[in-house]
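Please keep the structure open while reading.

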Amino acid sequence: MATYDPAELPELLKLYYRRLFPYAQYYRWLNYGGVIKNYFQHREFSFTLKDDIYIRYQSFSNQRDLEKEMQKMNPYKIDIGAVYSHRPNQHNTVKLGAFQAQEKELVFDIDMTDYDDVRRCCSSADICSKCWTLMTMAIHIIDRALKEDFGFKHRLWVYSGRRGVHCWVCDESVRKLSSAVRSGIVEYLSLVKGGQDVKKKVHLSEKIHPFVSKSINIIKKYFEEYALVDQDILENKETWDKILALVPETIHEKLQQNFQKHHNSLQRWECLKKAISSQDIKNDKCGHWLELEIMLQYCFPRLDINVSKGINHLLKSPFSVHPKTGRISVPIDLQKVDQFDPFTVPTISSVCHELDAVSTNDEGKEGNEAESDIKHRTRDYKKTSLAPYIKVFEQFLENLDKSRKGELLKKSDLQKDF
């Protein structure tokens, strides 16, 4: 894979936006079948340009308009906002208070930095294969709930390009939800609560909710390998003291003694489980949940609530490029979440080099000069490592189209039913 040099980004972006960005699929997504007039035209886009120049309230008439502007501006980052009551690029001409955010996908932002109090391998913006398991668990837990508990069908999961994942829930009914309902959904999906000063961030009630028990079942599949082996959360006194802060003081002394007799986190975890189920804390009515509370605190998804509840909140666009890593924000195949590796995601350098190699091989071959730009670009991305990710996106769009056609058929059948 070609190494990424941020200094080359302006030139690489020119090539990427001219020949590789999947405009047709992108427009097809945000136009939602063109069923609602001006839906795409009233959508806000924001561009971050070189030197952190930030431009909000951009909007475009059609796919061609969007293409031309992106190729002219070469944004370092693209954010997608709400569908407004008026065209965002005309927001200054609308009388005060009339310009309102009306619809947007329900979005979730899960960032690895929010786990810094429980991951040991990395911190801040750094990630590795050991802590990426946190994102794998998060996708499984949140996606299952969105699908089974809420019945949401159209969920697009996207790698952020650096240290996290985003989810776009695109069902028509979901896009119309109020901020209050969005807040309720994200509250339902949140268990880890409290800032840096709060030691114990998970408190289970006497009766465990089915959402929590199903989430625990997912975590159990990963916990031993992730927490006890890779993160080694009971490796030494410093790490096990953090866990002792989550259990009653009545068993601290006993555990301190027993932990010193054992040699690894696996053995110490077994020791902890025995102590929790012992007579020492039988009087605590929720004592038998302590083991689960620890597992949840170390593994349960941590959502940025503000991103989800605000209709006018912006979120980084799929297929945007992360300027620091050069990695492209690619869709994640929900059938292969466990196989997804952020370190094999194409960088803008790698796809542009692949394109150069293909172009060199194609030189001298007869080309049809009349071939359209769109066909040319479609052919281009298919020759790079971006192709499988665009295929995942296309499958998502196919499902959206099928659902829309099904709804239209249902409506026409109802109208005929006299």
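## Basis of the description

A residue is called buried when its relative accessible area is under 20%, exposed when that area is over 50%, and partly exposed in between (1.4 Å probe, protein chains only). The model is predicted, so local features require a pLDDT of at least 70 and side-chain atom pairs a pLDDT of 80 or more, while totals for chains, interfaces and linings use all residues. Residues are numbered from 1 along each chain as its sequence is written, and side-chain values use heavy atoms, with hydrogens and water left out.

## Overall architecture

The chain has 418 residues, 51% of which count as buried. Its C-alpha atoms fill a box of roughly 80 × 65 × 45 Å along the principal axes. The accessible surface, calculated by the Shrake-Rupley method with a 1.4 Å probe and with only the protein chains shown as cover for residues, comes to about 20700 Å². Carbon and sulfur atoms contribute 49% of that surface.

The secondary structure consists of 15 helices and eight strands. These elements are DSSP runs numbered from the N terminus: helices are H or I runs of at least four residues, and strands are E runs of at least two. Two domains are given by the domain assignment, whose bounds come from an automatic or database source. Domain 1 comprises 6-109 + 154-176 + 307-363 + 371-415, and domain 2 covers 193-299. Their C-alpha centres lie 41 Å apart. Contacts are heavy atoms within 4.5 Å; of those with a separation of 6 or more, 71% come from residues 24 or more positions apart.

## Strand 3 and its partners

Strand 3 (residues 77-84) is mostly covered, with seven of its eight residues buried. Strands are taken as paired if DSSP finds at least two bridges between them. Strand 1 (residues 43-49) runs antiparallel to strand 3 and is joined to it by five bridges; here Thr-48 stands opposite Lys-77. Strand 8 (residues 315-316) also pairs with strand 3 in the antiparallel sense, over two bridges, and Asp-79 faces Lys-316. Another antiparallel pairing, again over two bridges, links strand 3 to strand 4 (residues 101-103), where Val-83 is opposite Glu-103.

Strand 1 has a further antiparallel partner in strand 2 (residues 53-58), with four bridges between them. Phe-47 stands opposite Ile-55 in this pairing. Three residues separate the two strands of the hairpin, and Asp-51 takes a positive phi near 65°.

## Aromatic and charged contacts

How many aromatic pairs does a search of the whole structure find? There are 29, counted where rings of Phe, Tyr and Trp (its six-membered ring) have centres within 6.5 Å; planes under 30 degrees apart count as stacked, over 60 as edge-to-face, and the rest as tilted. The ring centres of Tyr-16 and Tyr-17 are 5.5 Å apart with planes at 55°, so this pair is tilted. Both tyrosines are buried. Trp-132 and Tyr-159 have ring centres 5.6 Å apart and planes at 85°, and the pair is therefore edge-to-face. Because Trp-132 lies in helix 4 (residues 129-149) and Tyr-159 in strand 6 (residues 155-159), the pair ties together parts that are 27 residues apart in sequence. Trp-132 and Tyr-159 are both buried.

## Selected buried positions

Ser-317 is located in the loop between strand 8 and helix 13 (348-362). This serine is counted as buried because its relative accessibility is 0%. Beyond residues up to four places away in sequence, Ser-317 touches Tyr-26, Ile-78, Asp-79, Ile-80 and Ser-329.

Leu-106 belongs to strand 5 (residues 106-111) and is buried, with a relative accessible area of 0%. Among the residues it touches, leaving aside those up to four places away in sequence, are Phe-152, Cys-167, Trp-168, Arg-182 and Ser-308. Leu-106 and Val-307 are 201 residues apart in sequence, but 9.1 Å apart in space, C-alpha to C-alpha.

In helix 9 (residues 252-261), the buried residues are Leu-255, Gln-256, Asn-258 and Phe-259. Their cover includes helix 8 (237-244) and helix 10 (265-276).
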